[in-house]
Amino acid sequence: MRITIIDHGPGNVASVERALARISISTERAISEQAIARATAVILPGVGHFSALVRALDENSLRAPLSRAIARGVPFLGICLGLQALYESSDEAPVLRGLGMLPGHVSALPAQSKLPHMGWNRVHPLPGSRLFRGIPVESYFYFAHSFAASPIASAETVATCTYGCEFVAAIERGNLFGVQFHPEKSGAAGAQLLRNFVRLAA
Amino acid sequence: MTLARRIIPCLDTDCGRVVKGVNFAGLRDAGDPAKLAARYNGEGADELIVLDIAASRDRRSTFLDTIRRVAAELAIPLAAGGGILTREEARAVIQAGADKITVNTAAVDRPELIAELSGEFGAQAVVVAIDAKREDEHWDVRIRGGAVSADLDAVSWAKQAAAFGAGEILLTSMDRDGTQTGFDIALTAAISRAVSVPVIASGGAKSPAHFLDVFREGCADAALAASIFHDGVQSIRSLKEFLAEAGIPVRLPC
């Protein structure tokens, strides 16, 4: 199988490619409607600003193709900003509309902690999470962000993390997956999570 | 709840090789950067920093190649820098595989560079490196490889750098660098208390107790060392086991 990585400009596309190459998964970079239409699995990576990502998706008319791909069951993994973009809106760019595939809003992390939340933090997955299968409990993952979704009233949330407040660390809903941390930078635990996604996508 | 304290090996490179020196001088070869990177990745390093110590324009392509070779070995974040002056140069470093860029002299010369980089790559990708040297009752910022005084107070400059959009401060004590007498605790604590971004302490590490001190007393978020790791004097794994035993939150490799 081959994973389509959405290449929306400034991003960690190369890191994600390298992480997948290390577990022997081939990838292709894409930003076109056609590429999304024929994709068999999609990763939306992201670092930077919410507005830059959402605008890049709009400029390439990817909203509808992404919705269609997810509706037809294509496994989809949003990473960091790629997870945040799935929600309805974000404090980082309040006037813009997110992809709205997940209910809820992305908020700024509380300012009493050092920001960005950058470094290795413990993630608390719910039992039965498919992404976290085989990963030791209390494992550390690498985070680098200042915004996150609140886990309140979200049936999709399968893992949380705490930094100033509790926030969404991972979501799963059918073929839709998202993680706030960077599995491609999270050592052995991150590699296992990517392997789990690939297995679910196969 | 709390972030793990990070242990960061640093690779000072020149012409595609890792070099090391004492007090910013007297360089000698310490190995292949990609090989060392692979070893540290496996031993449980939390991040890696690669610096181009010569930072000369004509060798830039060699440095980018070093970044590519190192990044290929890592499943952890990579910061890279040395002589980055512009957004274009920073972009090349990021595209070569770095997650973060470090800037030093160029940021002192033109602090707006920090805001430009932060705007394009996000604050999490911008590390401002500060070389500080004690002068009477304060710490003076040194630039151009430590050779010249910037005539700035290190604490004020750190605050200013954070205000311009730095996501992290890499703080090197020039008084301690290469001496293996321990981190400068007073300097690290002063900067760490002054800014709301993470501080990486650097310079002077030898024993595990030095790391414990800089986390406990120096309030460092991360600690960096080079030669003690390169020489195999200290393994990252046993260092982390020591810190965990002492109650410091660290990520133990499985």
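This text goes through a predicted model, taking the contact of chain A with chain B and then a pair of helices in chain B.

The confidence scores come before the details. The model has an ipTM of 0.88 and a pTM of 0.92. In chain B the average pLDDT is 93, and 96% of the residues score at least 70.

Where the two chains touch, chain A contributes 27 residues and chain B contributes 27 residues.

Two packed helices are described by the angle between their axes and the distance between the axes. For helix 6 (residues 154-164) of chain B and helix 7 (residues 185-194) of chain B, the angle is about 35° and the axes are 9 Å apart. These helices of chain B cross in a right-handed sense.

Which residues make the contact between helix 6 of chain B and helix 7 of chain B? From helix 6 of chain B come B:Ala154, B:Val155, B:Ala158 and B:Lys159, while helix 7 of chain B supplies B:Ala190, B:Ile191 and B:Ala194. In this contact of helix 6 with helix 7 of chain B, six residues are nonpolar, one is charged and no residue is polar.

Key. Residues numbered from 1 in each chain as written. Chains lettered and ligands numbered in written order. Predicted model: local features only at pLDDT ≥ 70, side-chain atom pairs only at ≥ 80, totals over all residues. pLDDT = per-residue confidence, 0-100. Contact = placed C-beta atoms within 7 Å. Axes fitted to C-alpha atoms, helices over the stretch in contact; angles between N-to-C directions. Helix = DSSP H or I, 4+ residues; strand = E, 2+ residues; numbered from the N terminus. Left-handed = near helix turned anticlockwise from the far one by under 90°. Nonpolar A, V, L, I, M, F, W, Y, C, P; charged D, E, K, R; others polar.
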